Number of protein chains: 4
Amino acid sequence: MSMSFKPLDPNYQEKVRSSFSRQKFMDFIGAELVEIKPGYCEIHLPYKKELSQQHGFFHAGIIGTVADNSGGYASFSLMPKDSSILTVEYKLNLIAPGDGELLIARGQVIKSGRTLTICRTEVFVVKNGVEKLCATSLTTLMALVGKSDKSE
Amino acid sequence: MSMSFKPLDPNYQEKVRSSFSRQKFMDFIGAELVEIKPGYCEIHLPYKKELSQQHGFFHAGIIGTVADNSGGYASFSLMPKDSSILTVEYKLNLIAPGDGELLIARGQVIKSGRTLTICRTEVFVVKNGVEKLCATSLTTLMALVGKSDKSE
Amino acid sequence: MSMSFKPLDPNYQEKVRSSFSRQKFMDFIGAELVEIKPGYCEIHLPYKKELSQQHGFFHAGIIGTVADNSGGYASFSLMPKDSSILTVEYKLNLIAPGDGELLIARGQVIKSGRTLTICRTEVFVVKNGVEKLCATSLTTLMALVGKSDKSE
Amino acid sequence: MSMSFKPLDPNYQEKVRSSFSRQKFMDFIGAELVEIKPGYCEIHLPYKKELSQQHGFFHAGIIGTVADNSGGYASFSLMPKDSSILTVEYKLNLIAPGDGELLIARGQVIKSGRTLTICRTEVFVVKNGVEKLCATSLTTLMALVGKSDKSE
């Protein structure tokens with residue numbers, strides 16, 4: 001996927017980073033916004049026991065969370081300045097157990113429309129430094145133009 | 001949906017509760033397993049700021065988490081004693097913002113097969129005591145027979 | 001699901017039936033629009049060999065087709081007069097083989113929004129007169145207001 | 001996606017082509033199996049009016065059909081000789097109208113497991129010789145080992 005998109009807001013970097021920093025859940029779990037490009041977003045999440053399921057691996061809900069968020073911010077990077085973003089739906093296939101020291105979620109816009117954006121996300125789990133595909137998702141997002149991302 | 005299922009493990013209540021209690025992520029976010037019946041599971045999650053997205057509402061990842069988990073434990077309730085459970089995939093439609101003081105996730109098995117189980121989940125958000133449909137999901141789960149839920 | 005919706009177009013019956021009759025694919029496979037109510041649509045499709053997969057059962061693509069269409073027309077029944085409808089995405093779980101003499105697809109709107117509508121569909125296969133759940137889907141549809149369903 | 005898979009059945013070409021030819025629905029709509037490689041399948045479907053929705057474009061059900069089938073046969077190419085294949089579920093995002101003279105569906109296995117296989121499919125619509133992404137899907141398939149693809 002080597003698509004090229006042009007963001008409608010030249011300050012998309014700042015806009016995305018500001019929104020991410022206002023998501024208290026990201027801070028709570030320890031997720032970090034590592035890279036943001038037009039139509040692309042990468043999020044890292046180091047392992048901690050508090051994020052685990054019954055076998056001690058990353059919980060599927062956490063894998064879904066970083067998938068959803070990387071797709072969401074990949075999409076938000078392309079939207080107009082005075083807009084807010086909404087996840088309409090996502091579908092996630094879990095491919096390998098979340099067994100490792102780090103999750104890396106990479107969201108990539110496939111189609112950027114005026115109202116709807118479609119994203120593909122891949123989540124990798126890193127164990128002893130080796131990346132392995134852990135999950136993949138397909139997500140539909142909606143731009144709410146004229147509704148600020150900051151207010152309620 | 002008024003389906004009747006017979007659990008393969010008579011101690012399904014204990015089995016499910018024990019597994020839930022070993023998911024550290026459930027404790028971290030404050031989720032509670034409120035009801036477990038054959039093929040049905042209900043999870044409650046009170047609001048706290050740490051679970052919020054940029055508008056202060058429940059984060060979509062959290063909504064997906066309780067949806068996935070209620071479907072997972074609804075399915076696990078029907079599986080044999082010496083088995084483990086795996087989420088194969090889930091698809092979640094977000095229907096209303098997670099704006100409220102409590103999330104209630106209700107997972108219901110639709111089809112219970114030897115290998116695969118299909119679940120439908122509804123997540124409600126409660127605001128000032130009034131329940132509102134917030135999200136719905138369709139989930140595929142797999143039984144790993146002969147693999148304990150307790151070990152790795 | 002006993003939801004009550006009010007159609008924006010009082011002539012929704014005629015609008016839906018007219019659109020269905022212009023879908024040449026419905027005639028080609030032999031599908032019939034059996035019932036249309038606000039937010040609800042039922043489609044029947046008798047078996048013929050031309051619709052089969054390698055085992056002689058209804059092809060999964062056919063099951064997806066009637067699921068998609070019953071959800072689509074359930075949604076379209078609620079939309080304004082001068083609008084067109086678009087399937088944004090659907091997710092279908094196949095639950096039992098399409099082994100029987102008739103498919104019945106029942107689409108029900110769960111959430112009717114200004115732009116997006118969410119539907120749940122159940123597809124039953126009838127064998128020797130007995131209905132069996134064959135598939136279930138969750139669908140997102142979009143209203144294109146001001147774009148006629150009749151023109152291109 | 002440049003993955004390399006080894007088919008369990010050296011005669012996978014013949015096995016897939018034989019199964020495809022027994023799907024009467026493929027013949028009915030005029031679909032052609034153009035290429036089959038380990039973990040990959042490409043299907044072409046020329047336009048005819050009988051496949052259209054109300055605007056004269058390829059019907060969404062037809063787009064879903066070729067998506068499902070290309071993913072299915074991509075997966076089936078890797079499975080053991082004496083096995084049958086089942087679509088567990090698929091999720092399809094429709095990205096552009098099916099407006100053109102030909103559909104091309106390309107299915108690619110992402111993960112090949114003993115029981116389950118995960119596929120990604122892209123469907124392109126060709127208009128005046130130009131390919132355009134029309135839909136993308138994520139599919140879960142199951143191998144039924146010991147159950148022939150030919151018998152019921």
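Modeller: The expected span of a helix is 1.5 Å times one less than its number of residues. Helices (H or I, at least four residues) and strands (E, at least two) are DSSP runs, numbered from the N terminus. This is a predicted model, in which local features need pLDDT of at least 70 and side-chain atom pairs count only at pLDDT 80 or more, while totals for chains, interfaces and linings use all residues. Residues are numbered from 1 along each chain as its sequence is written, with chains lettered from A and ligands numbered from 1 in the order in which they are written.

Helix α3 of chain B covers residues 60-76. Its 17 residues should span 24 Å, and its end C-alpha atoms are 24 Å apart, which agrees. The helix α3(B) is mostly covered, with 17 of its 17 residues buried (20 or more other C-beta atoms, placed from the backbone, within 10 Å of a residue's own; exposed means 12 or fewer, partly exposed in between).

In chain D, Val34(D) belongs to strand β1, residues 32-37. Val34(D) is partly exposed, because 14 other C-beta atoms lie within 10 Å. Leaving aside residues up to four places away in sequence, Val34(D) touches Glu42(D), Ile43(D) and His44(D) (contact means C-beta atoms, placed from the backbone, within 7 Å). Arg17(D) is 17 residues from Val34(D) in sequence and 9.8 Å away in space, C-alpha to C-alpha.

Chain A can be laid on chain B by a turn of 180° and a shift of 0.0 Å along the axis, with an RMSD of 0.0 Å (superposed by least squares on the C-alpha atoms of residues with pLDDT of at least 70 in both). The two copies are therefore related as by a two-fold rotation axis.

Key: Two residues are in contact if their C-beta atoms, placed from the backbone, lie within 7 Å.
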